[in-house]
Amino acid sequence: MRKFLPLLITLIIATLYVSAQSTGVIRGSVKDKNTQVTIIGATVVIEGTTQGVSTDLDGNYKLTVPVGTYRLKVSFLGYTALIKENIVVTSGNAQIINFELEPSSSELKAVDITFEKGRSAVATDMVTPLSVQQLTTEEIKSNPGGNYDVSRVIQTLPGVGGASSAASRNDILIRGGAPNENVYYLDGIEIPVLNHFQTQGSSGGATGILNVSFIEDVKLSSSAFDARYDNALASTFIIKQREGDPEKLAGNIRLSGTEFATTLEGPAGKKTNYLASFRRSYLQYLFQALDLPIRPNFWDFQYKVTHRFNDKTTLTAIGLGAIDEFYFAAPKESTPENIYFLRSLPYINQWNYTTGFAVKRLIKDGFMNFTLSRNMFNNELDKFTDENKVEENRTYKLRSQEIENKFRWDINKFKSGWKFTAGVMAQYVKYNVSLYSKATNTLYDSLGIILLPGTIVDFSNSVEFFKYGAFATVSKNVLEEKLLLSLGVRTDMNSFLTNGNNPLNTLSPRFSLAYHLTPKVDLTASVGSYYKIPTYTTIGYRDANNDLVNKSMKYIQSTHYVLGTQYLPNESMRFTVEGFFKKYNNYPVSAEDGISLANLGSDFGSVGSERINSIGKGECIGFEVFVQQKLIKKVFYVVSYTYFRSRFSGTDGKLIASSWDNNHLVSATLGYKFGKNWQLGLKYRLAGGVPYTPFDMAASQRNYMLLGTGVLDYTKLNSVRLRTFSQLDLRIDKKINFKHTSLDLFLDIQNILLTKQQSAPYYTFKRNADNTAFETTDGSPVKNDGSNAVPKLLENDDLSVTPSIGVIFEF
């Protein structure tokens, strides 16, 4: 990549020339939120100016304005006005800003409304009136330390924790729940894999896949889930993509210290537009320069095509894919830490894709959605006792594929203030797996007699089955629109589990309300029951007798109780306080050791390939405080604090702290816009130390040569805690505008205060003086059972700062 950098810079400079008064474009559409009908003649105004336009016969608008940052307000008779903040206009790409307006009352008398639900800081809607947060594309792009990664930016929101140890993973842990309790939808199509190097059976990984240039906004619901979404226990992420530029070819190129990405967009006919992107990392070169033994490498691809057949029917095609490689190379200097990495982590080769079609058809007083999609995740993991990849030294081999083919249909009607939604879904699922794992070494006595046989898991399997479900919701504003009531119900079934076809087993009602106590204060409450099918890694497991031993598992069930309030002192500020209690039933528990999977956590690789019992219970209780100031007078900020306890039980029924029981979460983000297109951002995160399980020193010594890691002492399960995690990130942006193009130069530094981040210690054997082999007590080579080795615990305190310097060229 270095040899292409001068050429790229030369090409950029050669195509640019400065204009005395650079301008940019804002364009978009205005629709009725409930019926999706375009609104003709809506007024779109740049706040603080007299400049504005009206939407045309197709509900579209276009504004040409000097480059800068704006607030946009849209209004129309009979609808609540809506404001959008922090719209950054450059001379490069057009800003596509769409609006969906809500009717102000069934009688279309906007002047009678006594509260202000159209404020820009509000993040509620008519289906889930609480536990909702939203992020715009600008908030994602400018987030310090976010590195254009949606999963990392989400961690600034209340109730959201990051990786269970330090900051090396993209696990999203919400209100004490597991990372696989979240579901993600992209333009109405579910995307099961959101991260590179994803942990199978979970949802965490190293870095996100989604291209931020595609995103219009992200809505996070941490309770009171819309009944249309199945399998959500902790949250739903509803990611809405924008459309491509309908007038001209445009795009951007992003080049930074870790990756290269490019996006193209434009028209493909009068009724069609597209977005397409490609990204390539070169992290392997960075890790090589740092003399680390690991070599992560990835590619990803994304597209969206939108075609309008007529004013009532729209077809959208989307695609998302990634290729991941994780391998090792001998470092120049061998350290105990480097040797540990070479022995403990697997080689990873993964690829995945999601592709689908969505049709939206407008009908009288509403609309229908039809979606058809397919996703596939291919996972290959290999592990050896050394770095030479000799087959006889293999300790682990996984080959698996998760394939889903999905159809969804829903109808949405709005009449006389009532909103009704109903729908069905069907999926054809296929899971293929081949697993070989040496779990423990054979233990011999001094005469060579076997005292304890080794444990080997070796099986292959292929399962196919169907999943299907149905839902309905109804909501209504009453008491002169001061009280919003929402009621929903859902059920899910499958053809695989023993009791999977009984709709009553997963009947999940939910009810929520929001009461506008004063023009500035809302009270909110909800209660709901939610279900999630066990992971495919668990469903597809066969024991030594080749039996599918987990067919009797049950759907995981969680009941949520939430009570909160929202205060809006002005149109750009928002205060929220929410308390929550979540109760879990049928949680997966390992049959071998009787431990809840919630108390084991997850790492890179795969989770759940073992006999499981659906007998676990759990509870998460806590509260969160959130303050958000939208952009006013060059300043914006977000501050949140969450306290919670997350506890789960195994076979013994005793509730103990889960692997993501941080207790305390603090996040604060500050942004300041200076003159001449300079912007500064700071983000601070603090998380209480999570619990972990110490090593069984005797078992670790016996099995280290086989496993490359220590063996945990489950009699002391999660009895020790890490130190508190904290990190300060800095981002500086400088935008340079030319006549038809622009540059964004940025510096992003993670952990600028050089804070040490603690993870659980590593178990290994002490190395000899020249670090060429393990030290032994008798001077002989280390034995397979480690009896002559010298055990050692490596403290895992990472002091790293990650600077990224980059440029974004928009055209």
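Okay, let's start with the salt bridges: the count comes to 38 in this structure. Keep in mind that this is a predicted model.

The side chain of Glu 247 meets the side chain of Arg 27 in a salt bridge, at 2.6 Å from N to O. Where do the two partners sit in the chain? Glu 247 is in the loop between β17 (235–241) and β18 (250–255), while Arg 27 belongs to strand β1, residues 23–32. That puts them 220 residues apart, so the pair links distant parts of the chain. Now, buried or exposed, or something in between? Arg 27 has a relative accessible area of 8%, so we call Arg 27 buried. Glu 247 comes out at 48% relative accessibility, and therefore counts as partly exposed. The cut-off for exposed is over 50%.

On to pair two. Here Glu 139 and Lys 630 bring their side chains together in a salt bridge, with 3.3 Å from N to O. This one links distant parts of the chain as well: Glu 139 is in helix α2, residues 137–141, and Lys 630 is in strand β35, residues 612–632. They are 491 residues apart. Why do we call Glu 139 buried? Because its relative accessible area is 18%, and buried means under 20%. Lys 630 is buried too, with a relative accessible area of 14%.

Asp 492 is buried, with 7% relative accessible area, and Arg 490 counts as buried at 3% relative accessibility. And which residues does this pair team up with? Salt bridges that share partners join Arg 490 and Asp 492 into one network with Glu 190, Asp 230, Glu 404, Lys 406, Arg 408 and Lys 467.

Last stop, the surface. Phe 370, Leu 372, Phe 407 and Val 424 form a nonpolar patch there. Together, those four have about 330 Å² of accessible area. Let's pick out one of them, Phe 407, which lies in strand β25, residues 394–415. How accessible is Phe 407? Its relative accessibility is 35%, so Phe 407 counts as partly exposed. To be in a patch, a residue needs over 30% relative accessible area, and Phe 407 has 35%.

Note on methods: Residues numbered from 1 in each chain as written. Predicted model: local features only at pLDDT ≥ 70, side-chain atom pairs only at ≥ 80, totals over all residues. Heavy atoms only, no water. Patch = residues over 30% accessible without salt bridge, like charges linked within 9 Å, V, L, I, M, F, W, Y side chains within 5 Å. Areas by Shrake-Rupley, 256 points an atom, 1.4 Å probe, with all protein chains shown as cover. Helix = DSSP H or I, 4+ residues; strand = E, 2+ residues; numbered from the N terminus. Buried < 20%, exposed > 50% of the residue type's maximum accessible area, 1.4 Å probe, protein only.
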